[in-house]
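Welcome, and please get your viewer ready.

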Amino acid sequence: MNILLLGSGGREHAFAWKMAQSPQCSRLFVAPGNAGTAEIAENVAISATDFPALHQFILNEKIDLVVVGPEEPLVKGLVDYLRSQPDTSKLPVVGPCSLGATLEGSKDFSKRFMLRNGVPTAAYETFTPDQIESGLAYLENQSLPIVLKADGLAAGKGVLICQTLEEAKSSLKEMLLEAKFGEASSKVVVEEFLTGIELSVFVATDGKSYKILPEAKDYKRIGEGDTGLNTGGMGAVSPVIFADEAFMKKVEERIVKPTIDGLAKENIDYKGFLFIGLMNKNGDPYVIEYNVRMGDPETEAVLPRIESDFLEMLHAMGQGNLDQYQLEISPDYSTTVVMVSGGYPGSYSKGFPISIPEGETKGIIFHAGTARNSEGKLTNQGGRVLAVTGKGNTLEEALNNAYSTTQSISWNQVYFRKDIGQDILKLIK
């Protein structure tokens, strides 16, 4: 098969790495890709949201399968666009239509979908700028802390957990009246704060059948001990010890099945991944949010645990025959540590040369915000730069393999958390 993968982050490098292992992979293109994908595939200088250019490339290179990594092209309607073109209308694409992508593109839409389909989630109300007084009055009758979510896409930064009523009121005003998150906060979902332990569950679906992939726990805050600002993710661990068989059975029965059935019932064309952010509250699962793609950095921890042919699964998703695919998962632990530019998630300097050891390392190095400069040297070009994954029979071994590799990589102002997985280790011991 000739495959076109869209995106440029660590998730896409992990996808490319896994797909390239398949005997069915003839040529693999990544648009636009990064320095890591360039080593195992052919990077293409086309934006993931330039639909006409992608369409022409698909025709020129006789692409057999399109895999969409990030959410933005999905929310903007790439799948619908390709379906509307006579010469790509039947092309297998991994990613939902724009209505399906609204599960991530609009928090209000996804909450209403959950309620319609009986999916357990936190209580909420949605407010617009002309409802600001109602919103402020609503806050006065809620328990603290309280969660404020920008309705639209905000690059993972549109969620605020407010500890006091004053903070909640001022934040609601900033979001609705001062466009704190731009167009994304033209609507704000005010949501009950759920206490418990978070985890991420990933589902592959062709719209009818589904496969539940390995679950993971990610670490969102920049500082050790989960302190400081939220980020796109500083690390991940899979499997998750508190997501035992009994809990995962509840997840499947109460959340996965009603969600997939709801998509079919509402005639939403959904051939792709569903990332379900969950809270384990006293042994019961509640949905925090849906995302319509794989998570990052969870992908870098999850994919190394998949032992069956990943490309075969992607093709089955796009073709609508996922029920015929046998998913095989390794019992090993997989842990990912994200290396970032100093200053991230705030402002940071880029263009620093990165030193990576030559030859085999104990961890797998996935590229995210990397590029080659005019001299061909690898440099940091984004906030999250590399994701290093270690595997092992035990969590300790997996963490040792990841950290021994991160400690051999350097560039000016590099930063990474030293405590990824330590909370899980304590639970095991």
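How many residues does helix 9 have, and how far does it reach from its first C-alpha to its last? Keep in mind that this is a predicted model. Select residues 245-265, which make up helix 9: there are 21 residues, and the span is 28 Å, close to the 30 Å expected at 1.5 Å a residue. Now centre on Glu252, where helix 9 has a kink of about 35°.

Next, colour the buried residues of helix 9, among them Phe247, Val251, Ile255, Pro258 and Leu263. Their cover includes helix 5 (98-105) and helix 6 (107-116), along with strand 16 (272-281) and strand 17 (284-291).

Now for the cores. The largest nonpolar core holds 73 residues, and Leu4, Leu103, Ile276 and Tyr290 have the most contacts inside it. Helix 9 contributes the most to this core, with seven residues. A separate core of 39 residues lies apart from it, and includes Ala41, Phe202, Val302 and Leu303.

Zoom in on Leu103: beyond its sequence neighbours up to four places away, this residue touches Phe109, Ser110, Phe113, Leu263, Tyr270, Leu274, Tyr290 and Val292.

For the last stop, show helix 1 (residues 10-19) and helix 11 (residues 310-319), which pack at about 105° with their axes 8 Å apart. The angle falls between 65 and 115 degrees, so helix 1 is roughly perpendicular to helix 11.

Key. Residues are numbered from 1 along each chain as its sequence is written. This is a predicted model: local features need pLDDT of at least 70, side-chain atom pairs count only at pLDDT 80 or more; totals for chains, interfaces and linings use all residues. Side-chain values use heavy atoms; hydrogens and water are left out. A nonpolar core is a set of buried Ala, Val, Leu, Ile, Met, Phe, Trp, Tyr and Cys residues joined through side-chain atoms within 4.5 Å. Buried means under 20% relative accessible area, exposed over 50%, partly exposed in between (1.4 Å probe, protein chains only). Helices (H or I, at least four residues) and strands (E, at least two) are DSSP runs, numbered from the N terminus. Contact means heavy atoms within 4.5 Å. The expected span of a helix is 1.5 Å times one less than its number of residues. The bend at a residue is the angle between axes fitted to the seven residues ending there and the seven starting there. Axes are lines fitted to C-alpha atoms, for helices over the stretch in contact, and angles run from 0 to 180 degrees between N-to-C directions. Angles under 35 degrees count as roughly parallel, over 145 as roughly antiparallel, 65 to 115 as roughly perpendicular and the rest as oblique.
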